Amino acid sequence: MQITDIHAHVFPDAIAEKASGSIGEFYRMKVYHSGTVGELLALEKEAGITHACIHSVAVTPRHIESINRFISETVSLHPDSVTGYAAIHPDHEDIQGLIRDVRTMGLKGLKIHPDMQRFALDSPKAMEMFAAIEGKMPIIIHTGDPRYEYSRPRQMKKVLDAFPKLVCVCAHLGGWSEWDEATRTLAEYENVYVDTSSSLYTLKPEEGRRIIRSYSRDRVLFGTDYPMWNPAEELERFHRLQLTDDEEEKILCLNAGTLLGC
């Protein structure tokens, strides 16, 4: 079976160690991996993961161009192994133009992390950004963090109510460290996917299984959140959930194919 990791961060070799360290500092957790493309591909192959959706976060708009160029170049070098998602920020001066550009670059979607980028999902500029994206490209959205008022599930709900055709992946089973609230708030929306990244390390198998089954089996995706976690260990955690064969096939393979168009 083909296995897709929908949630992996990569960085240019020269800055990868520093960038990965910054992620660890943000979450106050140790990051054990470098964040380089070479290491990701090696670890994914070792784990039996055949494809990865790669992306990075533009903390400010001025980082967008270099990030997207790097992601696009990586896809060109490894077209069978990775799909690229572009960085975007609501403060970018030309969102429509940016979307046109990333399509030309061969990138298949967008990625935001409101907590790191310091904007609220339901802020006016963010809502303008979502209006521009709706119906054009899917977007992976970091959701949930009780430390901040940027990406909470209730804020995501406002976005979904306003933009019913916005196809999005609400990462970390809909809300990092706010899994039950996310389930109550987001599970009803048919345009919402969720991924398993940075969740299974702390959830008991029965909790993870319950949360996943709260969403449609057609809208759950497997993600590792590399370099935060080791792909093989994340896949092992996933198998510990003891889902049905049909559920596993959809989450590990088929749903990602639908989302990515592959």
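A salt bridge is a side-chain nitrogen of Lys or Arg within 4 Å of a carboxyl oxygen of Asp or Glu. Keep that in mind for the views below, which come from a predicted model where local features need pLDDT of at least 70, side-chain atom pairs count only at pLDDT 80 or more, and totals for chains, interfaces and linings use all residues. Residues are numbered from 1 along each chain as its sequence is written, and side-chain values use heavy atoms, leaving out hydrogens and water.

**View 1. Glutamate 181 and arginine 154 form a salt bridge.** The closest N and O atoms of this pair are 3.8 Å apart. The pair links distant parts of the chain, with glutamate 181 in helix 8 (residues 179-186) and arginine 154 in helix 7 (residues 153-162), 27 residues apart. Helices here are DSSP runs of H or I with at least four residues, strands are runs of E with at least two, and both are numbered from the N terminus. Is glutamate 181 buried or exposed? Glutamate 181 is buried, at a relative accessible area of 19%, whereas arginine 154 is partly exposed at 41%. Buried means under 20% relative accessible area, exposed means over 50%, and partly exposed is in between (1.4 Å probe, protein chains only). Both residues also belong to a salt-bridge network with Glu149, Arg152 and Glu178.

**View 2. Aspartate 145 meets arginine 147 in a salt bridge.** Here the N to O distance is 2.9 Å. Aspartate 145 is buried, with a relative accessible area of 0%, while arginine 147 is partly exposed at 32%.

**View 3. Lysine 125 pairs with aspartate 91.** The closest N and O atoms in this salt bridge are 3.3 Å apart. Lysine 125 sits in helix 6 (residues 124-133) and aspartate 91 in the loop between strand 3 and helix 4 (95-104), so to speak distant parts of the chain, 34 residues apart. Both partners are partly exposed, lysine 125 at 46% and aspartate 91 at 41%. In total, the structure holds 15 salt bridges.
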